[in-house]
Amino acid sequence: MSASAATGVFVLSLTAIPVTYLFNCLAAGGSSWVIVAVGLLVLIFIALLARVLVKRKPPKDPLFYVYAVFAFTSVVNLIIGLEQDGIIDGFMTHYLREGEPYLNTAYGHVICYWDGSVHYLMYLLMVAAIAWEQSYRTIGLYWLGSIFMSIIVFMPGNIVGKYGTKVCPAFFLSVPYICLPIWAGFRIYNQPSVTHDTPVKVVQEVQKKGLLRRPIDLMLAAYLILATGFCIFRGMIALDCPAELCRLYIQLHEPYIKDPAAYPKLQAQFSHIGASLHARTPYIYRVPEEAKQFFLILNVMYGILPQLLAYRCVNKPEFFMKTKQEEKTE
């Protein structure tokens with residue numbers, strides 16, 4: 001495959017702009033099932049166009065077509081976010097009203113921007129890697145963690161939250177976001193991992209060091225213990241724990257956890273931070289002005305340190321490596 005295939009996917013994703021506009025004009029007045037049918041046809045058509053792009057030299061990895069379709073839907077989500085902010089108009093108005101009204105929540109708004117920016121960039125990078133026949137295992141695993149966290153929060157939140165009685169047939173358009181990432185997960189995980197030619201002596205020396213002699217690992221281990229406790233604490237709050245500490249925390253720092261939309265009870269850190277401060281969140285559930293600094297410091301650290309942990313494991317893997325002698329013994 002050539003680099004032109006990756007460029008073609010990028011251009012194909014931008015067709016979401018005229019497609020959503022036409023969809024909004026033609027689907028106005030249509031039923032929810034019409035929205036589902038048209039949506040599925042559009043996704044199938046995008047997959048077929050992606051196949052046409054690489055007809056002369058098809059990719060070895062069939063996930064190329066998955067990422068091409070998901071890149072298209074990422075632009076759709078970006079359009080939704082821009083329309084909700086009033087920057088554009090007339091692209092997804094009907095869909096937001098009749099298809100997936102829960103996207104009008106603060107959480108839905110933020111998650112649209114996340115998918116339309118971070119996920120979109122990852123799709124383009126993975127498509128480029130496939131086109132150049134390079135490995136994308138690391139970024140693929142990172143995307144899997146992000147997409148699964150989004151789905152784990154988003155779909156149950158739609159059902160059990162205040163929009164549970166308004167779930168429309170368009171909800172089933174989210175099913176591919178469950179099935180395809182699961183299939184992709186197996187394929188990505190089975191890709192060869194990056195090999196490190198680290199001398200055996202270096203590996204043995206690193207692994208002989210105790211935790212106290214590895215200050216960075218010690219800090220990360222302490223963080224994991226504290227983060228676990230914080231997760232349990234938040235879970236108790238979500239379950240209406242009557243303890244005084246829980247009551248004070250939710251009253252003074254994170255009232256968003258009690259938002260009837262239900263997403264904060266499940267949580268995804270980036271969207272949780274954004275939705276806690278978002279104007280679409282009812283005022284009584286927004287973070288109080290005097291608590292914003294504490295809230296941001298706590299939650300940004302809670303979100304960034306896992307990224308640092310992953311970075312440490314990927315870029316300095318000596319502690320987790322097996323020596324050749326151990327491999328022979330096994």
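A: A salt bridge is a side-chain nitrogen of Lys or Arg within 4 Å of a carboxyl oxygen of Asp or Glu. Here the side chains of Glu-289 and Lys-292 form one, at 3.1 Å from N to O. The model is predicted: local features need pLDDT of at least 70, side-chain atom pairs count only at pLDDT 80 or more, and totals for chains, interfaces and linings use all residues. Residues are numbered from 1 along each chain as its sequence is written, and side-chain values use heavy atoms, leaving out hydrogens and water.

Q: Is Glu-289 buried or exposed?

A: Buried means under 20% relative accessible area, exposed over 50%, and partly exposed in between (1.4 Å probe, protein chains only). Glu-289 is exposed because its relative accessibility is 59%, whereas Lys-292, at 28%, is partly exposed.

Q: Which residue meets Glu-254 in a salt bridge?

A: The partner is Arg-234, at 3.0 Å from N to O. Helices are DSSP runs (H or I, at least four residues), numbered from the N terminus. Glu-254 lies in the loop between α11 (244–252) and α12 (263–266) and Arg-234 in helix α10 (residues 215–238), so the pair ties together parts 20 residues apart in sequence. Glu-254 is buried, at 0% relative accessible area, and Arg-234 is also buried, at 3%.

Q: Which residues are linked in a network of salt bridges?

A: The network links Arg-214, Asp-217 and Arg-312. Within this group, Arg-214 and Asp-217 meet at 2.6 Å, N to O, and both are buried. The whole structure contains 8 salt bridges.

How values were computed:
Helices (H or I, at least four residues) and strands (E, at least two) are DSSP runs, numbered from the N terminus.
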